[in-house]
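Please look through this protein model with the report below at hand.

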Amino acid sequence: FKTAKPADNCWVMAQHQWANEGCTAVHDRNDTLGAPVNDNGGGVYALEWDPENKAIKSWVFSPIQEMPQNLIDAIDTAGLKDESKRVMPNPHSWGTPYAFFAIGEETGCSADHFKNMRIVFNLAFCGNVSGNRFTRECPALAKKFNVTNMEGINDPVETCNAYVESDPEALDEAYWKIRGVFVYQRELRKPKKDLTEKN
């Protein structure tokens, strides 16, 4: 992997991490969000939550031409009425994931943290992660819109908010255009009874 993980505690209130940061991953590709994805004609984001194999993995395919054939076929056949013609996704054939989080026993991230999951599309311009990075990633804007806390120290989230409030038109290109959302769930397979067994 060429992925670094600066935050390794999935608890939302973990010490030495931003509130609600959880586990994050930073990759050397700088084209998986925002304008670079738009310039590439969009992308496909895939996540596999696999408690049986103790992992959560994610992939980013942008440009879309980088998608593995199995994923293309799964998306193209997802709406077919004849379920026998649908191709099921096989993440094992998709190559190295963009991010990999170990979960479960002996990993430091208990599997019971992951239940009642929801899919959320969010444009949090100045949320906990993006807001805290604003001063570092946009130093000129941070200097111009500097907001300090009671101790006189720069508050990156409030500084980010001040920028957004001053020029909302700058964010005209910040929106989601979604072709589809596909959710798959593995079936629980019961072991076949050995017909050679005698009752």
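Lys57 has Phe100 as its bridge partner in strand S5. This is a predicted model.

Three strands make up an open sheet in the order S3-S4-S5. Their pairing is antiparallel. Which strands stand at the edges? They are S3 (44-50) and S5. Each has a single partner strand, so one side of each is left without a neighbour in the sheet. On average, neighbouring strands here are turned by 10° against each other, with direction ignored. Strands pair through backbone hydrogen bonds, and the pairing can be parallel or antiparallel.

Next, the aromatic rings. How many aromatic pairs does a search of the whole structure find? The search finds five. Two of them are set out here.

| Pair | Arrangement | Centre to centre | Angle between planes |
|---|---|---|---|
| Trp59 and Trp94 | edge-to-face | 4.9 Å | 80° |
| Phe134 and Tyr163 | stacked | 5.8 Å | 25° |

Take the tryptophans. Trp59 belongs to strand S4, while Trp94 lies in the loop between helix H2 (69-77) and S5. They are 35 residues apart, so this pair links distant parts of the chain. Is Trp59 buried or exposed? Trp59 has a relative accessible area of 3%, and the cut-off for buried is under 20%. Trp59 is therefore buried. Trp94 has 10% relative accessibility, so Trp94 counts as buried too. Ring pairs also bring in Phe61: together, Trp59, Phe61 and Trp94 are linked into a cluster.

Phe134 is in helix H3 and Tyr163 is in helix H5.

A search of the whole structure finds one disulfide. Which residues does the disulfide join? Cys126 is joined to Cys160, with 2.0 Å from S to S. The torsion about their S-S bond is about -75°, so the disulfide is left-handed. Cys126 lies in the loop between strand S5 (99-102) and helix H3 (128-137). Cys160 lies in helix H5, residues 156-166. The pair therefore ties together parts that are 34 residues apart in sequence. Cys126 and Cys160 are both buried.

Cys138 is in no disulfide. Its nearest cysteine sulfur is that of Cys160, 7.7 Å away. A disulfide needs sulfur atoms within 2.5 Å. Cys138 has 28% relative accessibility, so Cys138 counts as partly exposed.

Finally, look at Pro36. Where does Pro36 lie? Pro36 is in helix H1, residues 34-39. With 29% relative accessibility, Pro36 counts as partly exposed. Which residues does Pro36 touch, leaving aside neighbours within four places in sequence? Pro36 is in contact with Asn30 and Asp31. Ser62 is 26 residues from Pro36 along the chain, and 8.9 Å separates their C-alpha atoms.

Note on methods. Residues numbered from 1 in each chain as written. Predicted model: local features only at pLDDT ≥ 70, side-chain atom pairs only at ≥ 80, totals over all residues. Heavy atoms only, no water. Helix = DSSP H or I, 4+ residues; strand = E, 2+ residues; numbered from the N terminus. Buried < 20%, exposed > 50% of the residue type's maximum accessible area, 1.4 Å probe, protein only. Contact = heavy atoms within 4.5 Å. Pairing = 2+ DSSP bridges. Axes fitted to C-alpha atoms, helices over the stretch in contact; angles between N-to-C directions. Phe/Tyr/Trp six-rings, centres within 6.5 Å; stacked < 30°, edge-to-face > 60°.
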